[in-house]
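Colleague: Could you take a close look at a single helix and tell me how its buried side is placed against the rest of the fold?

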Amino acid sequence: MFFRRLCLFNALAACALGAALNDVPRRGCATEISPDEMRTVEAKFAEYKTLKALDDNRADPSPISIAWHVIFTNQTVEGGYLNETTINASVSALNDHYSGIGVNFTLDHVDYSQNTTWFIETDPIYKTVELEMKSALRVGDVATLNIYTVGFGTSHNNELLGFATFPWWYANSTIDDGVVILHSTVPGGSKLHYDEGKTLTHEVGHWLGLYHPFQGGCYGDGDFVSDTAPQVKPSYGCPVSQDSCIGGGPDNIHNFMDYSYDSCLDSFTPGQATRLREQMLYYRNATV
């Protein structure tokens with residue numbers, strides 16, 4: 001756990017330095033995993049797939065239940081207060097983004113908490129405030145998607161747009177399970193270039209078991225999806241000619257799991273669709 005937090009700290013520090021050197025606004029995602037943990041997790045997952053063949057054409061997939069927790073400091077849009085029209089628009093956008101791979105979400109619960117500490121200080125590295133918030137609010141079981149919207153307002157977290165848990169973390173940290181995003185990244189929000197709801201789509205991808213397509217660089221298993229091109233670095237903006245692993249095909253700049261502007265992101269691959277179905281069945285005992 002310490003190593004994972006150290007990796008997160010280094011990733012955020014690098015992101016902050018990059019932002020200082022470059023005027024292009026950057027997507028800050030703090031969902032990271034160490035190489036050692038990844039090797040262990042993927043070995044177990046490969047063994048499971050060998051023992052039990054999975055049918056990727058399941059009929060009547062079950063919608064994923066959403067519990068949405070609005071954290072706000074005052075009842076203004078700037079203070080994080082999201083009305084239910086905005087929340088419904090966010091869920092609609094999420095369904096639109098996942099529609100091509102047959103995943104559906106339904107909003108079953110909304111609650112509001114006026115708490116300035118939670119709003120500003122929720123942080124994936126210094127987890128005390130985050131876990132206090134989640135302990136008070138989290139509902140449902142392993143298959144329930146808990147979403148928290150906050151403000152990220154400290155020197156440690158103000159580069160963030162969001163973070164999420166991977167599904168295999170649930171067994172050891174049930175309360176931690178879920179997705180946290182910056183409130184202004186919802187559709188129509190105020191976060192420049194990240195205002196179409198695709199931060200939520202990206203973080204939910206992690207919650208469903210997907211890695212970044214630049215995971216692992218140009219060599220090895222990368223993101224463990226065969227039809228995402230190898231990629232050594234995140235995409236910022238919408239760099240249409242970027243090919244960071246020469247010979248492997250253009251980078252995944254339009255993939256929801258990359259870091260491009262919202263306007264540039266529009267797809268998952270069939271391989272990602274297969275992986276998230278398998279991950280949901282294995283870790284969350286849910287069919288999607």
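Modeller: The buried residues of α5 pack against β1 (64-72), β2 (105-114), α4 (116-121), β3 (145-150), β4 (162-164) and β5 (179-182), where contact means heavy atoms within 4.5 Å and the elements are DSSP runs numbered from the N terminus, helices being H or I of at least four residues and strands E of at least two. This is a predicted model, in which local features need pLDDT of at least 70 and side-chain atom pairs count only at pLDDT 80 or more, while totals for chains, interfaces and linings use all residues. Residues are numbered from 1 along each chain as its sequence is written, and side-chain values use heavy atoms, with hydrogens and water left out.

Helix α5 itself spans residues 128-137, and its buried residues are Val-129, Glu-130, Met-133, Lys-134 and Leu-137; buried stands for under 20% relative accessible area, exposed for over 50% and partly exposed for what lies in between, with a 1.4 Å probe and protein chains only. Seen down the axis of α5, these buried residues fall within an arc of 125 degrees, so they line one face of the helix, the arc being that of the directions from the helix axis to the C-beta atoms. An α-helix has 3.6 residues a turn, so residues three or four places apart point the same way. On the face of α5 turned away from the buried side sit Thr-128 and Ala-136, which are exposed.

As for the setting, the protein has seven helices and five strands, and buried residues make up 52% of its 288 residues.
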